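Visitor: I have a structure open and I'd like to learn how to read its features. Could you walk me through some?

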Amino acid sequence: MSNSASKSPLKPDTRLAHAGRDPNSFHGFVNPPVVHASTVLYPDVETMVPGGQKYSYARRGNPTTDSLEDALRELEGAAGVKLANSGLNAVALALLSCVKSGDHILITDTAYQPTRHFADTVLPKFGVTAEYYDPKLGADIKTLFREETSAVFTEAPGSLTFEMQDVPAIAVAAHEIDATVLMDNTWATPLFCQPLALGVDLSIQAGTKYIVGHSDAMLGTVAASERAWKGLYDIHGAIGSHVAPDDVYLGLRGLRTLSVRLERHQRNTLAVLDWLKDQPQIEAVSYPALESDPGFAIWQRDFTGSSGLCGFDFKAGTTKEQAGVFLNALTLFGLGYSWGGFESLAIPARLKGMRTATSYDETRCSVRLHIGLEDPEDLVNDIERALARAFG
Ligand SMILES: *Cc1c(COP(=O)(O)O)cnc(C)c1O
């Protein structure tokens, strides 16, 4: 049904339309069925042996999960893909697949906060120590390596603060000590960044965001390189991870339009930021696809596009109350966590307790925006009104 990306001559947009689909095996219907299942019946007792037939029990997979896993395997150029019931569950599965008692792992200081929470509260119970690193380290990550370092967890751009990092240089250094390299690639999706081609072993997506794309389901995905696949496959089976078929289907449906949606998210975000960066109440905007951004060179080298998540800092001296008035005055931007749907969102970007290897200015007021598929002129007008309300 699908080739690995390296072997496939097809362009990404073509793969998005065709990967993971095999209409001939479902009476010609364009999409696979949503298989609601637990038990799978066998024709006879002789077949009831490992590998005796394709499907054994729905927890292990069914034609709906296969379809999404196959599509992502092709898009990511992976040896294999496993689905998880949320992005955070995908992070946990990926980490559990490559650590053992006594290991030391390195995690970017700019990781998604619940990733830190998992590493700080669950992994220590099993004798795994997490240390955080400055995302600017690049190849110098090796100065933090110990005898027992087994994994490096990257995320680019960083959560809330959008720092880019030199993932290929980190991967080369990590592989010299045979450590597994992980990347949370939720911001760019496999369409705009191909972690495995950058040297990453486990590429993680919060599918909840752009793959589902409509704020109506939770999903996680992990794509593994050849060396990481067995570990991922085994832990996924051992832990009993499973995603309900309706949600898998929403992931498949979202995937087909990923490219057209992302292109619009990107265009709208550039339009809004182009206006926002010049407003007198704003100190700086954060978005690696802008030439003025410190991460621009790495973004340009490693990514082929940008999405709708960005941030900005208010000018020094702005109070938390003013930032609150601004957020409350927005009408088209909803106040809420998560992102990646069709709609615009805003949250205060609070870093308290989220950085331990790098420093940040505690007095600065920052906002994270998700720029949706609305008309950017309306979004700009909404922000302009809210700024006027807060700064009068
Ligand atoms: C949202 C998010 C996650 C977690 O995804 P959920 O589906 O909400 O659990 C992980 N990483 C990043 C970068 C995210 O933005």
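Guide: Let's start with a helix: Thr 189 lies in helix H6 (residues 189–192). Helices (H or I, at least four residues) and strands (E, at least two) are DSSP runs, numbered from the N terminus. Before going on: this is a predicted model, where local features need pLDDT of at least 70, side-chain atom pairs count only at pLDDT 80 or more, and totals for chains, interfaces and linings use all residues. Residues are numbered from 1 along each chain as its sequence is written, and side-chain values use heavy atoms, with hydrogens and water left out.

Visitor: What is the phi of Thr 189, and is the residue buried or exposed?

Guide: In general, most residues other than glycine have a negative phi, and most peptide bonds are trans. Thr 189 is not a glycine, yet its phi is positive, about 65°. Buried means under 20% relative accessible area, exposed over 50%, and partly exposed in between (1.4 Å probe, protein chains only). Thr 189 counts as buried because its relative accessibility is 0%.

Visitor: Where else does a positive phi turn up?

Guide: Ser 338, also not a glycine, has a positive phi of about 70°. Ser 338 sits in the loop between E10 and strand E11 (345–348), and with a relative accessible area of 28% it is partly exposed. Asp 178, which follows H5, has a positive phi near 60°.

Visitor: And which peptide bond is cis?

Guide: The one from Ala 156 to Pro 157, with omega near -10°. Pro 157 is in the loop between E4 and H5.

Visitor: How do I read H5 itself?

Guide: Look at what is buried, what covers it and what caps it. The buried residues of helix H5 (residues 167–176) are Val 167, Ala 169, Ile 170, Ala 171, Ala 173 and Ala 174. Their cover includes strand E3 (129–133), strand E4 (149–155) and strand E5 (180–184). At the N-terminal end, Asp 166 is the cap: a side-chain oxygen lies 3.2 Å from the backbone nitrogen of Ala 169.

Visitor: What does the annotation say about Lys 209?

Guide: The unreviewed UniProt entry marks Lys 209 as "modified residue: N6-(pyridoxal phosphate)lysine". UniProt positions are given in the numbering used here, feature names are shortened, and annotations may be inferred rather than shown by experiment. In the model, Lys 209 is in the loop between strand E6 (202–205) and strand E7 (220–224), and at 7% relative accessibility it counts as buried. Leaving aside neighbours within four places in sequence, Lys 209 is in contact (heavy atoms within 4.5 Å) with Thr 186, Ser 338, Trp 339, Gly 340 and Gly 341.

Visitor: Now sheets. What is the strand order in the open sheet of 5 strands?

Guide: Strands of a sheet pair through backbone hydrogen bonds, either parallel or antiparallel. Here, two strands pair if DSSP finds at least two bridges between them. The order is E8-E9-E12-E11-E10, with mixed pairing. Strand E8 (282–286) and strand E10 (334–335) are at the edges, each with a single partner strand, so one side of each has no neighbour in the sheet. E8 and strand E9 (residues 309–314) run antiparallel, joined by 4 bridges; Val 285 has Phe 312 in E9 as its bridge partner.

Visitor: Where is Ser 306?

Guide: Ser 306 is in the loop between helix H10 (296–302) and E9, and counts as buried at 1% relative accessibility. Not counting residues up to four places away in sequence, Ser 306 touches several residues, including Trp 187, Phe 192 and Trp 299.

Methods:
Polar contact = N/O pair within 3.5 Å; in protein donor to acceptor, adjacent residues only side chain to side chain.
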